[in-house]
Amino acid sequence: MEDLYLGWIEQLRKGLEQWGSVKVPGKYRLVFIAGMGGSGIVGDYVAALSNVKGSIPVLVSKSHLVPNFLSRDDLVFIVSYSGNTLETRIAYEKIAEKKSRIVIVSSNGLLESIATENNLPFIPIVKGIAPRTALPHMLYAILGVLDSSGYSIVSRDEAVDAYENLKNNMKEAVDKAYELSSFIDEHKGLPILATHTPFEALVVRGKNEFNENSKIPVKVEVAPEWMHNDIVGWEKPFENKYSAIIIRDPSDDVGSKLVDFMKKIYINNNIPIYELELHGKTFLEKLLYGSLVLGLASVKLARIRGVDPLVTENITLYKKDAP
Ligand code: PA5
């Protein structure tokens, strides 16, 4: 499965090739993105990028529920790698009734057929890989549509730079992933992925990767919200084993001070710490670099633990009997 992560450069190249292939010009009130798991997190990334530098509000739903206020004035992305996820299909049906402008991002399945039958804009994603490993392609698919439809969050030039940055930092990402997987394996217990805003989506993504690939639970802690709740939880925690992975943007002085504060509390609790600095000039570059390190580390940890990173048995069980 490592090869699927090492293939991210190729996915970004494909995303750049498709950039602008789908345009949905019009005047929209907001962008809404629906998807689950490895597809839903793409919405979180677009929303985080838009908070930093967007021109239109981006809302995300990782559920079968959709907000009542959606209307024909809204632009909606339905994202499902397989094209078959039940919650995402239900969300699609509900949104279609509201007559919002819909774009489908998928590699296959029922949603691809729905796009064809209803003549909806469709962006085909590389086929035959694990949904969560298709993150870069699905992300560039949405960013490309927005950029070429007058709602740019990331320009094509910035997307090219992010592709170059990931290519240049590939070797370092592999080395860091190796160190990180060994660190988590050495300390066992519950790993905490700790960071500062605006990198919450990155640590949620990391959590999901360690859940699905390495088969372990993970805790997420994000400053400065951390300073208003988690911080008190560390006053008298149960005697469990923890390890902390502190992720920071070295160019963000406030963010760095916040995670230094977290670090002190972890040290007071005798929690071992691994630190990861995000490389890149832009937020997008940092997000992609961090995602690659965490994804590769989760696969390496799976190998160390002797579990198959590709198989997500409990998700399959749930999907078979989803209510
Ligand atoms: O990465 C995975 O395998 C999961 O998190 C899936 O993304 C999730 O179950 C939703 O499936 P899909 O992405 O096909 O809609």
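Helices (H or I, at least four residues) and strands (E, at least two) are DSSP runs, numbered from the N terminus. The structure is a predicted model, in which local features need pLDDT of at least 70 and side-chain atom pairs count only at pLDDT 80 or more, while totals for chains, interfaces and linings use all residues. Residues are numbered from 1 along each chain as its sequence is written, and side-chain values use heavy atoms, with hydrogens and water left out.

The ligand is surrounded by 13 residues, a residue being near a molecule if one of its heavy atoms lies within 4 Å of it. Ser 39, Ser 80, Ser 82, Thr 85 and Arg 132 are the closest. At least two residues of this shell are supplied by each of helix H3 (37-53) and helix H13 (313-320), and H3 provides the largest share, 3 residues. By class, the shell holds 4 nonpolar, 6 polar and 3 charged residues; Ala, Val, Leu, Ile, Met, Phe, Trp, Tyr, Cys and Pro count as nonpolar, Asp, Glu, Lys and Arg as charged, and the others, Gly among them, as polar.

A polar side-chain atom of Thr 85 lies 2.6 Å from a ligand oxygen, and one of Glu 212 lies 3.0 Å from a ligand oxygen. From Gly 38, a backbone N or O atom lies 2.9 Å from an oxygen atom of the ligand. Taken alone, the ligand exposes 380 Å², of which the protein buries 94% (Shrake-Rupley method, 1.4 Å probe).

The space taken by the ligand is the largest pocket; a molecule sits in a pocket if more than half of its atoms lie within 2 Å of its grid points. On a 1 Å grid over the protein atoms alone, a pocket is an open set with protein on both sides within 12 Å along at least five of seven lines, a cavity is a set of points where a 1.4 Å probe fits but cannot get out, and lining residues have an atom within 4 Å of a point. The volume of the largest pocket is about 380 Å³, a volume being the space filled by probe spheres set on the points. Of its 18 lining residues, Met 36, Gly 37, Thr 85, Ile 315 and Lys 319 are the closest to its centre. H13 gives the largest share of this lining, 4 residues.

The whole structure contains 1 cavity of 30 Å³ or more, and about 40 Å³ of space lies in the largest cavity. Its lining divides into 6 nonpolar, 5 polar and no charged residues, with H6 giving the most, 4 residues.

Terms used:
Polar contact = N/O pair within 3.5 Å; in protein donor to acceptor, adjacent residues only side chain to side chain.
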